[in-house]
Structures are given as structure tokens and as C-alpha cells.
Amino acid sequence: MIHLWALACIKASLLLFFNRMFASSNNTLRWTVYFSLCLIFVWVITFTAVSTFQCTPVSFFWDSGVAGKCITSDWTSRTAIAICDTIFNLATDFLCLMA
């Protein structure tokens, strides 16, 4: 989960740098930067919530001695979540490059 927030902060840093350097003369770039920042942080908050609350109770994720279940108990669910995360990270990387 730490890598999600680290990536979001790095992308936000780059976008805010672009905003400071180039957006004073380009209003479209400014709105693109703000949209990208909102999109990135909404995704990070959503993915953090999915990662945190994927097990009921939450402690079942790290303590198998507790009775509970997870939504990602099989390989297919974990792979689907990882693929969604990868696709979104690639898309936001390209969005940051295009801004």
C-alpha cells in the first residue's frame, strides 16, 4: 500500500511542477493538471480502501488464526486487482507525460 501513495506523491509532484512552470500561459494545461491530480488521488484512496477492507475482519489479512474471509482469496481476483492497478498506473503515467 505504501507504493501506491509513493507513486501518487511522485506523480502529484511532477504535475505540480508542470503547473508551476507552464500553466501560467496555458489555461488548458492548468485544468488538465487539476483533473489529473483529482483522478490520481481518487484512485489511490479507492485502491487503499479496497486493499485495506478486502478481508472481514480486517485482521484476517495478516492473522490466519482469526476466522474470516477475503474477497481476494483466489488467484483470479488478486490478478484482476493487480491488472487494474497496473493499467491505471500506466494510463496516469501517460497522462502525466502528455500534460
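1. The largest cavity has a volume of about 50 Å³. Keep in mind that you're looking at a predicted model. A search through the whole structure turns up one cavity of 30 Å³ or more.

2. Who lines that cavity? The residues around the largest cavity are L4, L7, A8, K11, I40, W43, V44, D85, F88, N89 and T92. Helices α1, α2 and α3 (75-98) are the elements that give two or more residues to this lining.

3. Helix α1 covers residues 2-22 and helix α2 covers residues 27-52; their axes come within 10 Å and cross at roughly 170°. An angle over 145 degrees counts as roughly antiparallel, and α1 and α2 are therefore roughly antiparallel to each other.

4. Which residues make the contact between α1 and α2? From α1 you'll find L4, W5, A8, K11, A12, L15, L16, F18, N19 and F22. On the α2 side, the contact is made by L29, R30, V33, Y34, S36, L37, I40, F41, V44, I45, F47 and T48. Sort the residues of this contact by type and you get 17 nonpolar, three polar and two charged.

5. Aromatic rings deserve a point of their own. The structure holds six aromatic pairs. One of them is formed by W5 and F41: the pair is tilted, with 6.4 Å centre to centre and 40° between the planes. W5 lies in helix α1 and F41 in helix α2, so this pair ties together parts that are 36 residues apart in sequence.

6. Last stop: the largest pocket. How much space lies in the largest pocket? About 180 Å³. Eleven residues line the largest pocket, and F47, S51, Q54, F61 and I81 lie nearest its centre. Helices α1, α2 and α3 each supply at least two residues of that lining, with α2 giving the most, at three residues. The lining of the largest pocket divides into six nonpolar, four polar and one charged.

Notes. Residues numbered from 1 in each chain as written. Predicted model: local features only at pLDDT ≥ 70, side-chain atom pairs only at ≥ 80, totals over all residues. Heavy atoms only, no water. Axes fitted to C-alpha atoms, helices over the stretch in contact; angles between N-to-C directions. Helix = DSSP H or I, 4+ residues; strand = E, 2+ residues; numbered from the N terminus. Parallel < 35°, antiparallel > 145°, perpendicular 65-115°, else oblique. Contact = heavy atoms within 4.5 Å. Nonpolar A, V, L, I, M, F, W, Y, C, P; charged D, E, K, R; others polar. 1 Å grid on protein atoms, 1.4 Å probe; cavity = no way out; pocket = protein on both sides within 12 Å on 5 of 7 lines; lining within 4 Å. Points joined across faces, edges and corners; volume = space filled by probe spheres on them. Phe/Tyr/Trp six-rings, centres within 6.5 Å; stacked < 30°, edge-to-face > 60°.
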